Amino acid sequence: MTDGLGLTKTQSWQALKTHHEQMGQASLRQLFAEDPTRGESFCAEGASIFLDYSKNRITAKTLSLLVALARERGLEARRDAMFRGEKINITENRAVLHTALRAPRSASILVDGRDVVPDVHAVLDRMEGFAERVRDGRWRGCTGKSIENVINIGIGGSYLGPEMAYLALCPFSRQTMNFRFVSNVDGADFTEAVRGLDPARTLFVISSKTFTTLETMTNAMTARQWLVESLGREDAVSSHFVAVSTNAAKVGEFGIDTANMFGFWDWVGGRYSMDSAIGLSTMLAIGPENFKEMLAGFHAMDEHFRAAPIEKNLPALMGLLTVWYNNFFGAQTIGVMPYASGLKRFPAYLQQLQMESNGKHVDLDGRFVDYQTGPIIWGEPGTDAQHSFYQLIHQGAKLIPCDLIGFCRPLSPLSHHHDLLMANMFAQAEAMAFGKTAEELAAEGSPAFQTPFRVCNGNQPTNVILAEALTPKTLGSLVALYEHNVFTQGVVWNIDSFDQWGVELGKVLANRIIPELVSDTAPQLDHDSSTNALIQRYRGLKGANR
């Protein structure tokens, strides 16, 4: 464990600080002019993912200093400890082994002396058998009808991962089946999810490790009521619900046959769980073979991260570039712009992965850090985003590093659309880097009075990520790329990227307030004056005091 408060005093950090001061206002125009081969030099490839990071405000010296920082902070040793199953989640005394979820059967990974790989594959085998029965019609509802609709109910990682993966892999999904996802405790979310569906052909996948998560179980109970009332049979639950959980008692109480319960382990964090049993709805959609391909993509990136030197290691490079902008330039956000309609929920998925992991203010020794940690992640698909917020990137006064993600081969038959899409991605990366000068505008004949309004300063850094096509295997590699990117950042900042204690506070307070909202009599409130007033106004307007 390194000294978190000492990070800014380390030799490598101080060298980077001096280097940043020396670089001053160096522009990407200048850097490319000085090195015409820069585009071939600052790139790396692994697990069928190509990364062009040449449009970053770095030099070869920057890169060497960032690599030195990673080594001084023990990135390689901590990475190896994670893969070995050591309990690097120190606040919960847990191993961090999402990598075991995609390990081949031949692998061996020990946790407390037990090889967990056979356990992983036992669950995958059960998932495969169940998915095949649903997909080929052998699994039937209580009226004898086959399943056409699957509704995944979860929250956080048990919702964002499955929904993101389904949307990304729609071309590989069973087209005769409908897949919907419920997370929000707002009743409108559930109401819209079941609208127009035949209960007799609907299967619910309830994902909650403890089977006590308030939002998930509220939606699950509503789903249960909807099904039983629609079909008029209490015993319908056992053939229309399955669980992803570890709490067999609660699952049984709900009415789900525990033979249809799929488990996972405490060494899998929710935001790292889409390739565990949490991905059951994904497997139902794309089929077991495609799910295996996705796992193979995850594993390929795991092996790249484990074996490639930092200088050519995609996740490490991206993590170090995040540190460079976050801590030396003061950038507070990263934009993620996938030029693929299927990845419309990928930025939201990464929001949880990044911000829940690295939104920490103390180091591994429990001491407050004196530097900025996790950046804010945001984004939308291109080309939509170009016509909404790209204006701020091009002409605003903020430094906004961006990841642009694209694919060389479309899955849609409309290939001419894809050429236009990718032309936009390459053009936007170029525009962010180099902008448009007053001299260029004048040469183009732009009216002089418009010049100040049309100049784009450029110098906005981008990573351009390219893969052949958005296939299950590619999606696995892409998600693992960002998982290990986040890990790299956390190692440098010496924080625990695998707990999320901040999330618990709101849950505790909500449980305290719920009775105060639903009580038939006016409760005695002892919150702050703002919260008290809001509760009173809510009760008054909903008619609770009438």
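Which helix gives the most to the lining of the largest pocket? I looked it up in this predicted model: H21 does, with 6 residues.

**Largest pocket.** I noted about 1000 Å³ of space here. I found 40 lining residues, and Thr-213, Gly-270, Gln-500, Glu-504 and Lys-507 lie nearest the centre. Helix H21 spans 501-518. Helices H7 (157-168), H9 (214-231) and H15 (346-358) each supply at least two lining residues as well. By class I read 14 nonpolar, 17 polar and 9 charged residues.

**Second largest pocket.** I noted about 600 Å³ of space. Of its 26 lining residues, Ala-340, Ser-341, Gly-342, His-418 and Leu-421 are closest to the centre. H17 gives the most to this lining, with 5 residues. H7 supplies at least two. The classes here are 14 nonpolar, 8 polar and 4 charged.

**Sheet.** I followed H17 (residues 415-434) next. It lies across strands E12 (402-407) and E13 (462-467), at about 155° to E12. Both strands belong to an open sheet of 6 strands, ordered E1-E2-E13-E12-E10-E11, with mixed pairing. The edges are E1 (43-46) and E11 (376-378), each pairing on one side only. From one strand to the next, the twist averages 20°. I checked E10 (residues 333-338) too: it pairs with E11 in the parallel sense over 3 bridges. Thr-333 stands opposite Ile-376 in E11.

**Confidence.** I read a mean pLDDT of 96, with 99% of residues at 70 or more. Over residues 1-5, pLDDT stays under 50.

Key. Residues are numbered from 1 along each chain as its sequence is written. This is a predicted model: local features need pLDDT of at least 70, side-chain atom pairs count only at pLDDT 80 or more; totals for chains, interfaces and linings use all residues. Side-chain values use heavy atoms; hydrogens and water are left out. pLDDT is the predictor's confidence in each residue, from 0 to 100. Contact means heavy atoms within 4.5 Å. Two strands pair if DSSP finds at least two bridges between them. Helices (H or I, at least four residues) and strands (E, at least two) are DSSP runs, numbered from the N terminus. Axes are lines fitted to C-alpha atoms, for helices over the stretch in contact, and angles run from 0 to 180 degrees between N-to-C directions. On a 1 Å grid over the protein atoms alone, a cavity is a set of points where a 1.4 Å probe fits but cannot get out, and a pocket is an open set with protein on both sides within 12 Å along at least five of seven lines; lining residues have an atom within 4 Å of a point. Grid points are joined across faces, edges and corners, and a volume is the space filled by probe spheres set on the points. Ala, Val, Leu, Ile, Met, Phe, Trp, Tyr, Cys and Pro count as nonpolar, Asp, Glu, Lys and Arg as charged, and the others, Gly among them, as polar.
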